[in-house]
Amino acid sequence: MPDTRFRHGLIVGKFAPLHAGHEYLIRAALAQCERVSVWCYARPDFPDMPSPLRRGWLRQVFPAHLYPQLELLPDAPRPPLDSSPSEVHNAYVRGVLDEWNIHPDAVFTSEAYGEGFAAALGATHRLIDPERRHVPVSGTAIRAEPHELRRFLNPLVYAHFVQRVVILGAESTGKSTLTAALAQHFGTVGVREYGRDVYERENGLLNVDQFLEIALGQRALEREAAASGRANYWLFCDTDAATTLMWSYLLCGAALPELHALADECRGRYAQTFVCDTGIEFEQDGWRSNKAVREVQQAHILQDLNTRGIAYTVLRGSVAERVAQVAAALG
């Protein structure tokens with residue numbers, strides 16, 4: 001690659017999703033420019049990964065403290081349709097950049113259109129890996145098969161495509177054992193019940209603030225697991241914020257509004273919901289209540305799911321039988 005140094009490079013793309021080819025292009029620009037601006041836009045936008053999310057990926061993969069010369073440009077109003085002629089896009093980009101007082105002297109692309117695009121901006125065109133020899137993939141291919149092509153995605157980006165599955169049930173219904181068994185069966189990772197960590201840490205004496213901590217901690221564990229690089233298609237999660245809400249009322253008689261809001265979000269957070277049946281022997285581990293209380297907890301969980309309109313499947317039988325039931329439901 002030439003040693004040419006440019007004052008200001010520009011990259012414009014959809015980044016839907018951000019993949020290794022985009023990263024290669026951006027790193028090439030960073031190596032040749034004192035400053036690089038990246039502009040993410042598409043119309044129509046992608047409802048399941050809108051531009052703020054895609055810019056977030058860019059900033060996560062290229063954090064400001066490591067790449068201070070990289071700036072992410074904001075959304076601009078009324079972008080042209082993706083299907084519009086290149087002349088329309090060129091004029092739009094030129095007009096917006098003029099308003100922003102941004103005047104790049106180099107444009108970096110991997111596409112043939114880049115020559116005319118750069119000329120419209122009065123900039124040099126740097127064509128990077130147009131034949132996709134270094135990174136043989138495209139955004140279109142990844143959108144069609146994100147799991148099969150996950151090797152081209154940073155784990156932080158692939159986490160967006162990981163589907164969460166939540167395992168619910170009262171205490172001593174086998175949730176933790178099943179979550180681990182499902183993770184092993186599907187070759188992915190499971191998320192433990194964070195509430196147990198806090199409950200034991202506080203010797204069972206919890207307040208409403210700590211139940212909110214539990215719900216937030218559970219979500220943090222889910223995010224961490226999804227982006228760990230070990231998640232594969234599914235992420236199996238032991239309990240949810242709605243169950244934590246139940247425990248807040250059972251043990252404190254109250255719950256914070258923030259915990260209610262997190263519980264409400266359970267309606268759309270998980271791709272599938274499974275409930276472990278109580279038809280297994282109750283095991284007392286020194287922290288649990290008793291079998292009668294377990295039935296009350298189970299009734300509350302089922303009532304809450306029905307009230308929220310969340311579809312669920314009740315799992316019965318041995319661990320192996322339950323794994324088979326989940327596998328059948330997930331297809």
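Mentor: Start with a definition: buried means under 20% relative accessible area, exposed over 50%, and partly exposed in between (1.4 Å probe, protein chains only). By that rule, 48% of the 331 residues of the protein count as buried. This is a predicted model, where local features need pLDDT of at least 70, side-chain atom pairs count only at pLDDT 80 or more, and totals for chains, interfaces and linings use all residues. Residues are numbered from 1 along each chain as its sequence is written, and side-chain values use heavy atoms, with hydrogens and water left out.

Trainee: Why is Arg55 called buried?

Mentor: Its relative accessibility is 17%. The cut-off for buried is under 20%, so Arg55 counts as buried.

Trainee: Why does Asp75 count as partly exposed?

Mentor: Asp75 has 40% relative accessibility.

Trainee: What makes Arg55 and Asp75 a salt bridge?

Mentor: A salt bridge needs a side-chain nitrogen of Lys or Arg within 4 Å of a carboxyl oxygen of Asp or Glu. Here the N to O distance is 2.7 Å, so the pair qualifies. Arg55 is in helix α2 and Asp75 in the loop between β3 and α3, 20 residues apart. Helices (H or I, at least four residues) and strands (E, at least two) are DSSP runs, numbered from the N terminus.

Trainee: How many salt bridges does this rule give?

Mentor: The count comes to 16. One of them joins Asp304 and Arg308, with the closest N and O atoms 2.8 Å apart.

Trainee: Are Asp304 and Arg308 buried or exposed?

Mentor: Both are buried. For Arg308 the value is 12%.
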